[in-house]
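User: I am new to this structure and would like to know what the terms rest on. Please take me through them one at a time.
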Amino acid sequence: MKYLLLLLLGLLPAPKAASPVTPVPTHPKNIILLIGDGMGLTQISAAVYPGGEPRKLNLQAFPVTGLVKTHSYNKLITDSAAAATAFGCGCKTKNGVIGLNHKMQPCTSVLELAKAQGLATGLVVNSHITDATPAAFLAHVPERGMMEDIAAYFATNSLDCLIGGGQKYFEQRADGQNLYQKMEDSGWQMSGYKTTSLQNTTPNPAHPFAWFSAWEKPGTILDGREYLLEATTKATSFLQKRSEKGFFLMVEGSQIDWACHQKNAEWALREIQEFDQVVGAALEFARRDGNTLVIVTADHETGGMSLVQSNKGDKVDVEFNTGSHTATLVPLYAFGPGAEAFNGVYDNTKIYQKMREALQLQDVQPVKN
């Protein structure tokens, strides 16, 4: 009462108005989807205990986690083509099939939907860009080995940013076409390992951008190949400038799978560590931006990796039970607006549905070549 009287008499300053609260967006403007090819829980565990002492990964910063079932339409053990078609296009299909359902009908990818709605789109990999996982976001072919046919889809206007290997399938083709030149003539900013390093390349947001890291498959991280972090940083910055409506970017740590196929623990661990650096960069971007949903998952587990007691003190050794894929559930991590939708255990096709709902994407027909 005394406080109110003094306030009315003008003997006390009026209370400051509360600062407006910035609303937390319920839907993201951007999605960064990070795929660790072949990366199961054991591969992640191996990176946590690389030398016996626990190491904190960027993956541990995610507030939402889930488990994903990976089987394909006709096999309990999927391949990358069927798995990427499931979470990229939302439909189960047969192993080896890209962007088509089990009836061989085209199914539209989340990338194609995003592009149709005016978002910028990008694919970044350390495999050839025509490999199964990136291909499923853009191409529609019955066999993942149809590299030249897959490359033709990249020459359409559905993509804004392309970083990966496989320049051969754009230039040295059976049909005689030079898609590299065709893309450059249509306005693409084309570059690659032959002429300019990625570090010295500056993408111009006024043009779609491509940088090829190899003629065919890029080298391994053990051979000195390290561009995935640089590529992810450049791609997010470029795509953010490319469209005011937002962007969809898929980044794949492709060679985790390759290393596990070869049962090479050192190679696998180095690839996972590089991939985790990419995860950290994506998280940093999302925290700074406030409108970006980051999703990290895998298409399947490779190698049946296990961690067993080492004879060298309190350490673990990596063992592989197979040189192939397994049916093990894979983890999913989510951060940002809409992340809570990814909690739980679900089929890999649900990833597509959840991403569509997050970006509020409408139906369009897939591009036909």
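User: Why is C91 called buried?

Analyst: C91 has a relative accessible area of 13%. Buried means under 20%, exposed over 50% and partly exposed in between, with a 1.4 Å probe and protein chains only, so C91 is buried. C107, at 10%, is buried because it also falls under 20%.

Analyst: This is a predicted model, where local features need pLDDT of at least 70, side-chain atom pairs count only at pLDDT 80 or more, and totals for chains, interfaces and linings use all residues. Residues are numbered from 1 along each chain as its sequence is written, and side-chain values use heavy atoms, without hydrogens and water.

User: How many disulfides are there, and by what rule?

Analyst: The count is zero, where a disulfide is a pair of cysteine sulfur atoms within 2.5 Å.

User: What makes residues 265–289 the helix α11, and what is its span?

Analyst: Helices are DSSP runs of H or I with at least four residues, numbered from the N terminus; α11 has 25 residues. From first C-alpha to last it reaches 36 Å, close to the expected 36 Å, which is 1.5 Å times one less than the number of residues.

User: What makes the contact between N264 and E266 a polar contact?

Analyst: A side-chain oxygen of N264 reaches to within 3.3 Å of the backbone nitrogen of E266, at the start of α11. A polar contact is a pair of N or O atoms within 3.5 Å; within protein, one must be able to donate a hydrogen and the other to accept it, and residues adjacent in sequence count only if both atoms are side-chain atoms.

User: Which residue takes a positive phi just after α11?

Analyst: G290 does, with a phi of about 80°.

Technical notes: Helices (H or I, at least four residues) and strands (E, at least two) are DSSP runs, numbered from the N terminus.
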